[in-house]
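Here is a friendly walk through one protein model, written for reading beside the sequence and the 3D view. Keep both open and pick out the residues as they come up.

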Amino acid sequence: MSKKYDFDQLIDRRGSGSVMYDMCQEMFGRDDVLPLWVADMGFAACPKITQALAERIIEHPIYGYSVPLEGYWQSIIDWQHERNGLEFTTDEVCFIGGIVHGFALAINHFTRLGDKVVIQEPVYHPFRNVITGNNRLVVNNGLKRTSEGFYEMDLDGLERIFNSERPRMMVLCNPHNPIGIAWGADVQRQVAALARRYDVIVFSDEIHGDLILKGQRHTSFLTVSDDARAVGVVMGAPSKTFNIAGIVSSWCVIKNPDLRRPFFNWLATNDECSPNFLAMTATRAAYRHGGEWLAQCLDYIEGNIDMVVDYCRDHIPGVKAIKPQASFLVWLDCTGLGLTHDELIDLFVNKARIGLNDGAMFGHSGSGFMRLNVAVPRSILQQGMQQLAQAVASL
């Protein structure tokens, strides 16, 4: 495959309304940090998406109410079938205005005030926020650290929680953010069997499902068993995959009609499932024409990950980069530095002058860790690693 796309291109995002850059002062207390935190990429989007949006916006300057574009639903169906073996019909999928928003909708539809919802920390922090903010109760089945330093699911702990706490829902972050675990079919089958036995709905967030790294594969929850199809609510999106998170376009697939019909009807009644023309245009172009761009993007990201892993090993004693199986996020184990968590944040922000996600925001077990976004031009990432190495050397 010829190298067709330039992921080394430096693009100035300051002043563009970018969360990554324009919220640094609010996030870190200073605006002179190198931002490597929020999970969008520093790469230009796939040109086919840019072209499709330009044609729609410029060549047809009426932006009225819209109905699904021809081929929009089929582009989602075909992509998931060909890439992930996930099969569904147009009746089994609907539009969702973002994964966090979709999770909030699912919480409000499928659970009641005071119901319990299981998460597995360290995990994407909006899950906890949505649960508690909607007056539901969080139950944590924390991930277990393996002897090799990676993580695994505590299935025994999950069954104990299902049996004793009787939660109504469980969140499966699949692949898992921030660690980048690509959950295999066997683990998911066991989760599904437990969930069906104890009448627990499994919300599977698969937004990172296309960002699978070499030697791994994404296994959608709905593909693993009849139990999974009975209890599963899956949401995904092209947003992380193709760097179009600002164009809010997600989808929800539910196979079980007893779950799907009431939920989809409720969404339609509340006007929560109507895609806008920009989302449809970008999604259709991404799924129809973005395969080659994604392949080259993943190769570049893999190179960045390898660089971070090697650089930490060779130049930053006390910091270990845990190589993910999926996504462009790297979980940094900084416990070897012997710092308190506040001292660790000070090291990164005020000494190294790089802005990362604080590991503790993903749960108490994230204390002593940081989450690094490596989906940036390599020169930027090298600069960040060098600044961190100098800061650590100064301790």
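## A salt bridge across the chain

Glu92 counts as buried, at 12% relative accessibility. Here buried means under 20% relative accessible area, exposed means over 50%, and partly exposed lies in between, using a 1.4 Å probe and protein chains only. The model is predicted, so local features need pLDDT of at least 70 and side-chain atom pairs count only at pLDDT 80 or more, while totals for chains, interfaces and linings use all residues. Residues are numbered from 1 along each chain as its sequence is written, and side-chain values use heavy atoms, with hydrogens and water left out.

What does the side chain of Glu92 meet in a salt bridge? The partner is Lys255, at 2.9 Å from N to O. A salt bridge here is a side-chain nitrogen of Lys or Arg within 4 Å of a carboxyl oxygen of Asp or Glu. This pair links distant parts of the chain, 163 residues apart: Glu92 is in the loop between α4 and β2 (93-96), and Lys255 is in the loop between β10 (250-253) and α11 (257-269). Helices (H or I, at least four residues) and strands (E, at least two) are DSSP runs, numbered from the N terminus. Lys255 is partly exposed, at 22% relative accessibility.

## Other charged pairs

By this rule the count comes to 19 salt bridges. One of them joins the side chains of Asp227 and Arg196, at 2.9 Å from N to O. Asp227 sits in helix α9 (residues 226-231) and Arg196 in helix α8 (residues 185-197), so the pair ties together parts that are 31 residues apart in sequence. Both residues are partly exposed, Asp227 at 24% and Arg196 at 45%. Salt bridges that share partners also join Arg30, Asp32 and Arg353 into one network. Within that group, the side chains of Asp32 and Arg30 meet at 2.6 Å, N to O.

## Nonpolar cores

In soluble globular proteins, nonpolar side chains tend to be buried together. A nonpolar core is a set of buried Ala, Val, Leu, Ile, Met, Phe, Trp, Tyr and Cys residues joined through side-chain atoms within 4.5 Å. The largest such core has 104 residues, of which Ile301, Val308, Leu332, Phe348 and Leu372 touch the most other members. Helix α13 (residues 291-315) gives the most to this core, with twelve residues. A second, separate core of 31 residues includes Ala106, Met169, Ala237 and Leu267.

Which residues is Phe348 in contact with, leaving aside neighbours within four places in sequence? They are Leu332, Cys334, Arg353, Ile354, Leu356, Met370 and Leu388. Contact means heavy atoms within 4.5 Å.

## Two buried loop residues

Met153 is in the loop between β6 (151-152) and α7 (155-165), and is buried at 7% relative accessibility. Leaving aside neighbours within four places in sequence, the contacts of Met153 include Gln120, Leu143, Trp183 and Val191.

Asn256 is in the loop between β10 and α11. Is Asn256 buried or exposed? Asn256 is buried, with a relative accessible area of 17%. The side chain of Asn256 reaches the backbone nitrogen of Asp258 at 2.9 Å. Not counting residues up to four places away in sequence, Asn256 touches Arg229 and Ala230.

Methods
Polar contact = N/O pair within 3.5 Å; in protein donor to acceptor, adjacent residues only side chain to side chain.
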